[in-house]
Amino acid sequence: KEKYQVKTSDSFIKVGMSQVENIFSNRVSTKLSKKLMDGLNELGIRSNMTPAVCFETAWNIYLYKINPESETITIGIPVLNRMKVSEKKTAGMFISTMPLTIEVSERDSVNLLAKKVTKAHTEIFRHKQYPYSNILKYLREKHGLEKNLYDVMFSFQNAQADIDAELQWYSNGYSEVPLTMHIDNRDNIDTYTLTIDYQTELFRDKREIYSIIERLEYILEQMI
């Protein structure tokens, strides 16, 4: 409640976005260059950033650039929710989705924005058992919020399986939010795979998605 005393700004990945009637989605995947990955690893060492924070910082910069009137940017992130020993030994998904809300200013340096992202993560992990539905309920009662708190999601996965096989991740053809970006390196190769799931009712042309990827890569290149 303390964090959301002031109403957060709307942040849209697509200007004029409206509620959709279906959540059918397509998927686009691409591999980032080794040069970019090496640069991000060096940036992480130099600035004490995790790879996830590097990508989330770039993602927040992009969202702010296309929503310059916004004072806050909110994205959804998945958090592991295995709190008990018995849960850690149980097969299945124990994942919550939480809002990562960042105050962004055009005066922010990359390092300062990355510190804000890191701090926001700490806050989320501290309260990760608090239901997202309760946050929405509070915002709707206090600020009259009519929709979700975020329209985009981000996930970073670098857990690797100790098996001699290539891992393949399949889409189920649906996305609950307009756009979800996944960064992963499951096969311990020398690059990251960037995957975007997008609702086809909002994004009818894959060229829009490839344009977003190109802009994100440009921001990452500027960061390093």
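**Entry 1: the model**

I am working from a predicted model.

**Entry 2: the largest pocket**

I looked up the volume of the largest pocket and got about 1200 Å³. I then asked which residues sit closest to its centre. They are Pro78, Ile95, Met153, Ser155 and His182, out of 41 lining residues.

Next I checked which elements give two or more residues to the lining. The helices are H2 (51–66) and H4 (110–126). The strands are E2 (72–80), E3 (95–103), E4 (152–157) and E5 (179–184). E4 gives the most, with 5 residues.

I noted 21 nonpolar, 14 polar and 6 charged residues.

**Entry 3: H2 against H4**

Both of these helices contribute to the pocket lining, and I wanted their packing. Their axes come within 9 Å and cross at roughly 110°. That angle makes H2 roughly perpendicular to H4, because 65 to 115 degrees counts as such. The crossing is right-handed.

I listed the contact residues. H2 supplies Val53, Glu56, Thr57, Asn60 and Ile61. H4 supplies Val110, Leu113, Ala114, Val117, Thr118 and His121. By class, I have 6 nonpolar, 4 polar and 1 charged for this contact.

**Entry 4: H2 against H6**

How far apart are the axes of H2 and H6? I read 9 Å, with a packing angle of about 115°. H2 passes H6 in a right-handed crossing.

On the H2 side I found Cys54, Phe55, Thr57, Ala58, Trp59, Ile61 and Tyr62. On the H6 side I found Ile212, Arg215, Leu216, Ile219, Leu220 and Met223. The class count here is 11 nonpolar, 1 polar and 1 charged.

**Entry 5: H1 against H6**

Last, I took helix H1 (residues 34–47) and helix H6 (residues 206–223). The axes come within 9 Å and cross at roughly 45°. That makes H1 oblique to H6. What is the hand of this crossing, left or right? H1 passes H6 in a left-handed crossing.

Leu36, Leu40, Leu43 and Arg46 in H1 meet Glu217, Leu220, Glu221 and Met223 in H6. I counted the classes as 5 nonpolar, no polar and 3 charged.

Conventions
Residues are numbered from 1 along each chain as its sequence is written. This is a predicted model: local features need pLDDT of at least 70, side-chain atom pairs count only at pLDDT 80 or more; totals for chains, interfaces and linings use all residues. Side-chain values use heavy atoms; hydrogens and water are left out. On a 1 Å grid over the protein atoms alone, a cavity is a set of points where a 1.4 Å probe fits but cannot get out, and a pocket is an open set with protein on both sides within 12 Å along at least five of seven lines; lining residues have an atom within 4 Å of a point. Grid points are joined across faces, edges and corners, and a volume is the space filled by probe spheres set on the points. Helices (H or I, at least four residues) and strands (E, at least two) are DSSP runs, numbered from the N terminus. Ala, Val, Leu, Ile, Met, Phe, Trp, Tyr, Cys and Pro count as nonpolar, Asp, Glu, Lys and Arg as charged, and the others, Gly among them, as polar. Axes are lines fitted to C-alpha atoms, for helices over the stretch in contact, and angles run from 0 to 180 degrees between N-to-C directions. Angles under 35 degrees count as roughly parallel, over 145 as roughly antiparallel, 65 to 115 as roughly perpendicular and the rest as oblique. A crossing is left-handed if the near helix is turned anticlockwise from the far one by less than a right angle, and right-handed if clockwise. Contact means heavy atoms within 4.5 Å.
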